[in-house]
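I opened this entry to keep track of what I looked up. The notes are in the order in which I took them.

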Amino acid sequence: TIRSYFPKCVAVVALLALSVGALDTFSAAVYEHTVILPNRTETPVSKEEGLLLMNKNIDVLERAVKLAAKQGAHIIVTPEDGIDGWVFTRESIYPYLEDIPDPGVNWIPCREPWRNH
């Protein structure tokens, strides 16, 4: 899931930054891929399908990052929209977004993702 993936990713990036900072030189890799999108990006999909597509893209990026690291890359740059894509209308991008509650609402979505505001 994305929730369990994110902290691991942050920890890896933090450790990588510390180890690269100690080096005189480093190797970098740039990775680009064809983002897995719904067949018709102008037609909204369900939240579940949007999450499934994003997870597929995360899997692709994870494999590429691991391969680049095995080949000696210290820094790996991935596409800005490599998880959710960019060819959407205002309505069809919604399933890929997360609701941000009003500041007056006493709710932290990361701690209580099941709760609706």
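Below are my notes on the chain as a whole, then on one helix residue, then on some rings.

The model is predicted, so I kept to its rules: local features need pLDDT of at least 70, side-chain atom pairs count only at pLDDT 80 or more, and totals for chains, interfaces and linings use all residues. Residues are numbered from 1 along each chain as its sequence is written, and side-chain values use heavy atoms, with hydrogens and water left out.

Whole chain. I found 2 helices and 2 strands, in the order α-β-α-β along the sequence. Helices (H or I, at least four residues) and strands (E, at least two) are DSSP runs, numbered from the N terminus. Of the 117 residues, 25% count as buried (under 20% relative accessible area, 1.4 Å probe, protein chains only).

V60. I located V60 in helix α2, residues 47-70. V60 is buried, at a relative accessible area of 18%. Leaving aside neighbours within four places in sequence, V60 is in contact with Y31, H33 and I36 (contact means heavy atoms within 4.5 Å). I also looked up I83, 23 residues from V60 along the chain; their C-alpha atoms are separated by 9.2 Å.

Rings. I counted 1 aromatic pair. F88 and Y96 form this pair, 4.9 Å centre to centre and tilted, with 50° between the planes. Rings of Phe, Tyr and Trp (its six-membered ring) pair if their centres lie within 6.5 Å; planes under 30 degrees apart count as stacked, over 60 as edge-to-face and the rest as tilted. F88 is buried at 18% relative accessible area, and Y96 is buried at 7%.

How values were computed: Buried means under 20% relative accessible area, exposed over 50%, partly exposed in between (1.4 Å probe, protein chains only).
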